[in-house]
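Hello,

Here is the structure I promised to pass on.

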Amino acid sequence: MGPGDAVDGRVFHVKLPGHDAMARRADELVVPTRVMLPRRVALGPARQVAKRLLMALLVLAATVLIVWLDRGGYNDNADGSVDLLDAVYYATVTLSTTGYGDITPYSDGARLINVVLVTPLRVLFLIILVGTTLEVLTERTREDFRLKRWRSNLRDHTVVVGFGTKGRSAIMTLCATGLRKDQIVIVDPASKVIEAANAEGFTGVLGDATRSDVLLRAELQKARQVIIATQRDDTAVLVALTARQLNRGAKIVAAVREEENAPLLRQSGADAVITSASAAGRLLGLSVLSPSAGTVMEDLIQQGSGLDLVERPVIKAEVGKGVRETEDLVVSVLRGHRLLGYDDPAASPLQLTDRVITIVRKSPSSTSVPHNPMPPRP
């Protein structure tokens, strides 16, 4: 969508920011689409080689021991007897499948042991030697299995479009409130960004989020909430339109740079729109007027420490009370689709179906949404 494009018969004009390097690169290149799961921690190349070499030596030692213990059942064409050096020689040429035939098992017991023990050890030795090749061949199978299991288990997750400063900050807030990393899927057109997300333990989908097939790879149709933190406003509008078409019930929150693009984003399906430039400007102005007030506001929007702004349902003990009579510091009441201020006469008394937005203090030992009450409002 560009400036002056039509949606549902209506013409919208999107104000675009200046040139954006990442967005321009995403437009110029055809981005391959794929899901990248967080990789498990693997041993270094030197340790992997040392581990395989040790396993091969153990198999060789076990074969030498078997032949040495049953040396009476073997015949050496040179002198007729088998000593320790002959046992090592026979084990080496047998495991490598060379088999010159100068030392052979002639007794029934030795031949049985060759069938039951030496042959499996030979196969195991060969598997160890070609382990690197087998690992490459089986890596795709293991990755496909992990991907299928991930898709089948993923439900009510959060899709974050864009892993820049805004996207990272949103994820940090979600994780501070108790959301697990495996319940977050990141979509971004830059492979290095997805690799960075994988390194931090998040699942990433490489591709253009304005395309429905990319969002379907992120299982957006099963998501509970979508965060749009793209670099460009027109991209955010297209992502919101596509996401709302794929999932009618998900909560969609988006960020825009220009305030005049916020109404367009709401019409595109976003439930909440944050104007990043205006929000930062208001916080700057507040900090100029009162640095302490700016610090408090910064503390409120930073979840997990100090004061937290929390939305929760009304408990039975609070039903029928006024907002000033609750133990928590209530700042707003959500009743249906109406948001009532604490000083609104209609906010009291509280109803069982209400949700309240409160300020609570984060406990240092708490790892989830804080529940410590603040002093009641005077």
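Tyrosine 90 has a relative accessibility of 7%, so it counts as buried (buried means under 20% relative accessible area, exposed over 50% and partly exposed in between, with a 1.4 Å probe and protein chains only). Please keep in mind that this is a predicted model, where local features need pLDDT of at least 70 and side-chain atom pairs count only at pLDDT 80 or more, while totals for chains, interfaces and linings use all residues. Residues are numbered from 1 along each chain as its sequence is written, and side-chain values use heavy atoms, with hydrogens and water left out.

What does tyrosine 90 pair with? Its partner is tyrosine 74: the ring centres are 5.2 Å apart and the planes stand at 65°, so the pair is edge-to-face. (Rings of Phe, Tyr and Trp, the last by its six-membered ring, pair if their centres lie within 6.5 Å; planes under 30 degrees apart are stacked, over 60 edge-to-face, and the rest tilted.) Tyrosine 74 sits in strand E4 (residues 74-76) and tyrosine 90 in helix H3, 16 residues apart, so to speak linking distant parts of the chain. Tyrosine 74 is buried too, because its relative accessibility is 2%. The structure holds two aromatic pairs.

Helices (H or I, at least four residues) and strands (E, at least two) are DSSP runs, numbered from the N terminus. The twelve residues of H3 (residues 84-95) should span 16 Å at 1.5 Å a residue, and the end C-alpha atoms are 16 Å apart, which agrees; the expected span is 1.5 Å times one less than the number of residues. Buried residues of H3 include Ala87, Ala91 and Leu95. Just after H3, threonine 97 has a positive phi of about 60°.

Isoleucine 186 belongs to strand E7 (residues 184-188). At 0% relative accessibility, isoleucine 186 counts as buried. Leaving out residues up to four places away in sequence, isoleucine 186 touches, among others, Val160, Phe163, Ile194 and Phe202 (contact means heavy atoms within 4.5 Å).

Finally, confidence. The chain has a mean pLDDT of 78, with 79% of residues at 70 or more; pLDDT is the predictor's confidence in each residue, from 0 to 100. Helix H1 (residues 21-28) has the lowest mean, 43, and strand E6 (residues 158-161) the highest, 95. Residues 364-378 also stay under 50. Where pLDDT is low, the predicted coordinates should not be read in detail.

Best wishes
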